[in-house]
Amino acid sequence: MWTIYHNPRCSKSRQTLQLLQDNQIEPEVVLYLETPPDAATLKSLLKKLGMSARDLLRKGEDAYRELNLGDTSLEEDALIAAMVANPKLIERPIVVRDKSAVLGRPPENVLELI
């Protein structure tokens, strides 16, 4: 089963979805800004991605600065809580296939899952 955590306003997210569709893959589309993942889902995604919460943060977002998320003393759970409360902080798109996941930056990264 395929899932994409998608933001249709993001060009990389649109390109990634199109790349999947070009390969005859119709993923479940999760509009994560409308339906944010909970902490347990984010932890599962991070494990599949092989990333830390800090690696998945969008550092250019206003909320990143406002919440002082650059503070290296913040623990993983605090960063995950910030992403749950402010889903714009989650880097996108995330594509999941079964027990594996990749970040679609660049979109061609999804080819690793095909």
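Modeller: What follows goes through helices, strands, cores and loops in turn.

First, the ground rules. This is a predicted model, in which local features need pLDDT of at least 70 and side-chain atom pairs count only at pLDDT 80 or more, while totals for chains, interfaces and linings use all residues. Residues are numbered from 1 along each chain as its sequence is written, and side-chain values use heavy atoms, with hydrogens and water left out. Helices (H or I, at least four residues) and strands (E, at least two) are DSSP runs, numbered from the N terminus.

Start with H1. This helix covers residues 11-22, 12 residues in total. At 1.5 Å a residue it should span 16 Å, and its end C-alpha atoms are 16 Å apart, which agrees. The expected span is 1.5 Å times one less than the number of residues. Ser13, Thr16, Leu17, Leu19 and Leu20 of H1 are buried. They fall within an arc of 155° seen down the axis, so they line one face of the helix. The arc is taken from the directions from the helix axis to the C-beta atoms. Buried means under 20% relative accessible area, exposed over 50%, and partly exposed in between (1.4 Å probe, protein chains only). What does the buried face of H1 meet? Its buried residues pack against strands S1 (2-6), S2 (28-31) and S3 (94-97). Contact here means heavy atoms within 4.5 Å. After H1 comes Gln24, with a positive phi near 60°.

Now H2, residues 39-49. Here Leu42, Leu45, Leu46 and Leu49 are buried. These residues cover an arc of only 100° around the axis, which puts them on the same side of H2. Ala40 and Lys47 are exposed on the other side. The cover over the buried residues of H2 includes S1, S3 and strand S4 (100-103), along with helices H3 (53-56) and H5 (76-85).

Next, the strands. S1 and S3 pair antiparallel over 4 bridges. Two strands count as paired if DSSP finds at least two bridges between them. Trp2 has Arg97 of S3 as its bridge partner. S3 and S4 also run antiparallel, joined by 4 bridges. Across that pair, Ile94 stands opposite Leu103 in S4. The S3-S4 hairpin has 2 residues between its strands. Asp98 lies in this loop. Its phi is positive, about 55°, although Asp98 is not a glycine. Asp98 is partly exposed, at 47% relative accessible area.

On to the cores. A nonpolar core is a set of buried Ala, Val, Leu, Ile, Met, Phe, Trp, Tyr and Cys residues joined through side-chain atoms within 4.5 Å. The largest has 23 residues, of which Leu56, Met83, Leu89 and Ile94 touch the most other members. H2, H3, H4, H5, S3 and S4 each give two or more residues to this core. Another core lies apart from it, with 10 residues, among them Ile4, Leu17, Leu19 and Val102. Back to Leu89: beyond four places in sequence, its contacts include Leu56, Leu57, Leu67, Leu69, Ala82 and Met83. Glu61 is also on the contact list of Leu89.

Buried or exposed? Glu61 counts as buried, at 18% relative accessibility. Leaving aside neighbours within four places in sequence, Glu61 contacts Lys88 and Leu89. Lys59, at 41%, counts as partly exposed. With residues up to four places away left out, Lys59 touches Arg54, Tyr64 and Arg65. The side chain of Lys59 reaches the backbone oxygen of Arg54 at 2.9 Å.

Last, some backbone geometry to check. Arg92 and Pro93 are joined by a cis peptide bond, with omega about -10°. Pro93 is in the loop between H5 and S3. The bond from Arg105 to Pro106 is also cis, with omega near 0°. Pro106 belongs to the segment after S4. Asn68, in the loop between H4 and H5, has a positive phi near 55°. Asn68 is partly exposed, with a relative accessible area of 48%.

Note on methods. A polar contact is a pair of N or O atoms within 3.5 Å; within protein, one must be able to donate a hydrogen and the other to accept it, and residues adjacent in sequence count only if both atoms are side-chain atoms.
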